[in-house]
There are 2 protein chains.
Amino acid sequence: MAKEITPRAENYSQWYNDIVKKAGLADNSAVRGCMVIKPLGYGIWENMKAQLDSMFKATGHVNAYFPLFIPKSFLSKEAEHVEGFAKECAVITHHRLMNNPNGPGVVVDPSARLEEELVVRPTSETIIWNTYKDWIQSYRDLPLLINQWANVVRWEMRTRPFLRTAEFLWQEGHTAHATKQEAEEEAATIHEVYARFAEDYMAMPVIKGAKTPNERFAGAEETYTIEALMQDGKALQAGTSHFLGQNFAKAFDVKYADQNNKEEYVWATSWGVSTRLVGGLVMTHSDDEGLVIPPRLAPTQVVIVPIPKPNAQIMEVAEKISNQLRAKGISVKIDNDKKKRPGFKFAQYEMEGVPVRIGIGMRDLEKQVVEVARRDTKEKSYVAIDGIDRYVEELLVDIQNSLFSKAKKYRDDHISEAKSIDELKDILDNKGGFVKALWDGTTETELKVKELTKATIRCIDSTDSLGEGQDIQSGAPAKQTVYYAKAY
Amino acid sequence: MAKEITPRAENYSQWYNDIVKKAGLADNSAVRGCMVIKPLGYGIWENMKAQLDSMFKATGHVNAYFPLFIPKSFLSKEAEHVEGFAKECAVITHHRLMNNPNGPGVVVDPSARLEEELVVRPTSETIIWNTYKDWIQSYRDLPLLINQWANVVRWEMRTRPFLRTAEFLWQEGHTAHATKQEAEEEAATIHEVYARFAEDYMAMPVIKGAKTPNERFAGAEETYTIEALMQDGKALQAGTSHFLGQNFAKAFDVKYADQNNKEEYVWATSWGVSTRLVGGLVMTHSDDEGLVIPPRLAPTQVVIVPIPKPNAQIMEVAEKISNQLRAKGISVKIDNDKKKRPGFKFAQYEMEGVPVRIGIGMRDLEKQVVEVARRDTKEKSYVAIDGIDRYVEELLVDIQNSLFSKAKKYRDDHISEAKSIDELKDILDNKGGFVKALWDGTTETELKVKELTKATIRCIDSTDSLGEGQDIQSGAPAKQTVYYAKAY
């Protein structure tokens, strides 16, 4: 099985596609740019959802659901938003099919044309702010802290499973506040939640920072991002949190009466992460043998394989261990399929990234031990059955921490500094990763560097760690440190 | 607040709309037929989802996700399915908007016309069976037990919040099996899961049975349904499970090689429940003062209200009680909003259907008691703070059981028998509810009765409890007992 995966060193892009396919994360579909998320891929997303959802709720948010469709005219109400989102999208023009009068099949019924076309939401600011207009009258109605789990569609030309698809699953938070300060704090809180989730659950280290004006969300006054590093040295934008100012409140005329009955426009944020995170998880940890999943997000954390085949005695021990592990909240699968050999099963679970595999054989049972293999390092050891639950519990924590440490070391080893545009180009071409450099703060320079190097500014370093000096491209005075990288 | 609700006796339909609006379950949206599900309505749906999802997983199912869009041609591949689903639906014809060359705003880019139109899924059998074709080769790939949580769109002409909306949320299970018997058992298993969920969690008694051929899902060989009774005497179809035979396997050419390497078409089921269940829950239990939510599905099970206002002493007791209840897995909210009076809060939580309200006042604290009010019967009692957690835990169970008993008594009192079409008409007009009668098994008779009474056959009585005799309409020999009712 493992043989079927292209090694990373040979072709990183093909390696990723191979993992997605062979591990059973996703499949292509009959619809251009839309993928089918298979049970394993969806299981990882479900675990991500559950964790993020509890973090949103712990910070005071509730879920709601807004329509899939947006009237075409809504998209052009906010001046910048229209440029960013009212272009490549799925447009509904009719509401009926009819039997083909000239042959088999069905055709669009020309008489069922919509008065106003609808667009499948590419993001929901417009439909939500049109709704908030009815929900917000007074300061008593604020803050409004709402999140939505939904599918969205952006008609992308070039798609890749999880990383960029026409339809994707995501959450989008949309909050409304009485003051600018409160909205800014909200955007910062979520930025922090995203970073914590990425590091503590995905074991994926991230750089936190603000986007440049040119890279901001269309309609935002500030965009905060978490940026991760993939094993090919390219950055992945993994989650963004936007301070929207009063832009959408003004576009949709959403005002509230304050304590003195004075009317003010409402302040807003929006923020989202998507199934793209599944792609980020795959690219951060997996190896040439297949998928590697951090234990905290693994749909199956432990698999138990009878060797060579299940029998009554082995199954009794397997059930006992499995019950002990489940009592500790660990998800376990016993593979008692008699049609497949242990070697085949080992290869399968390695490919699928199950963090811990326990093999139970008759000879081991005589010694009251089982074989425990960890997916990340592929180390095996014989462990006494007595106390195996505590051993596995600690092992899962160790695997989670090891994955993070390894990814962090790789990431830290791939943060460089460039003092000139040539140096930046050299690092990007030969080493990859993030490159810190001084920036003069202009979009002009930013775009010029992109043209020369294909790298973009992933975010601004909030500590401005390189001090003051000259921009590496323009030579103009510069006091902001930014992270350049090639990105997905 | 309560005054704003139209009494059921005056106008049942308006009563329902009032509850949905005043309790904050859902709102109309700017898009025709699509609702906004507000946090309370969505919270109920989230609890339904969590419970159903765990029941599906306990019966061996996993989740996956398939595309929102279906190529137009897919809908016409299964002969009966096309009639049922390829008509009123959202049709995507273009993939781009452009700036209006003749004025402000955006217009459809005529050059971005799709080669083949896409339809927003009204249900996913076609796209899923087109995918299963790639997933199923051998008996080893079976059974495939997959569920999807998704949004679907059916362009309904007349919509009502939750009960019938253009877009709705649902789950749809799609399973593939090697044998007819296994597929039939699967459809029966899910039928039983749905009934158990409705009765044990929604506290909504249901009649289980098969649909008549005329009322079957388009493309099914057998449709099993659970039918509930609303307080106006009308039935609500609450969940259906379909045995699809080999219809979709043949339409999409899905075959498997059996143990002898002989190729066979795969057997299928599909099954679904939707946000319609939220409407059913509202209509089953609520009263003229507002929403009533069964404790097992209530987003907030207990609310604690300081009387008249929060102070340090009251808040200390409130926190203590709340921690004790949370330790028992009970969801609690402390309302320490100083801007609202207790009377206002009481009315609000009554409207929102919070099962248990605890009032804490200074005078009660001296006696070491609190006031506990249950939403269903509106009974109040003073309960010692010591042991309050056990009291509330039992009270929630009691409320859950009482709601079911009350609904079941109402339902049982509204199951009648008719020996003639006149008697059927009389019962339907004057009493409502389910009416058992003998049926000759023909669609002709079924449609004639519908024309005469507006009632439909909700399901066939699996026990044929009325024995043999004559059809109440045609007079022809009849040996099937059916349940007639007017329905949503």
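Student: How many residues of domain 1 of chain A are in contact with domain 3 of chain A?

Tutor: This is a predicted model, in which local features need pLDDT of at least 70, side-chain atom pairs count only at pLDDT 80 or more, and totals for chains, interfaces and linings use all residues. Residues are numbered from 1 along each chain as its sequence is written, and chains are lettered from A and ligands numbered from 1 in the order in which they are written. Two residues are in contact if their C-beta atoms, placed from the backbone, lie within 7 Å. On the domain 3 side 15 residues take part, and on the domain 1 side of chain A the number is 15.

Student: Which elements give two or more residues to the side of domain 1 of chain A that touches domain 3 of chain A?

Tutor: Domain bounds come from an automatic or database domain assignment, which gives domain 1 as 2–93 + 119–285 and domain 3 as 417–485 in chain A. Strands are DSSP runs (E, at least two residues), numbered from the N terminus. The elements asked for are β11 (206–210) and β12 (222–229) of chain A.

Student: Over how many bridges do β11(A) and β12(A) pair?

Tutor: Two strands pair if DSSP finds at least two bridges between them. One bridge links A:Gly209 to its partner A:Thr225 in β12(A). The sense is antiparallel, and the number of bridges is 5.

Student: Which residue takes a positive phi in the hairpin of β12(A) and β13(A)?

Tutor: β12(A) is also joined to β13 (residues 235–245) of chain A, antiparallel, by 8 bridges. In that pairing A:Ala228 stands opposite A:Leu236. The hairpin has 5 residues between the strands, and the positive phi, near 80°, belongs to A:Gly233.

Student: How many residues of β12(A) are buried?

Tutor: A residue is buried if 20 or more other C-beta atoms lie within 10 Å of its own, with C-beta atoms placed from the backbone. β12(A) is mostly covered, and of its 8 residues the buried number is 7.

Key: Helices (H or I, at least four residues) and strands (E, at least two) are DSSP runs, numbered from the N terminus. A residue is buried if 20 or more other C-beta atoms lie within 10 Å of its own, exposed if 12 or fewer, and partly exposed in between; C-beta atoms are placed from the backbone.
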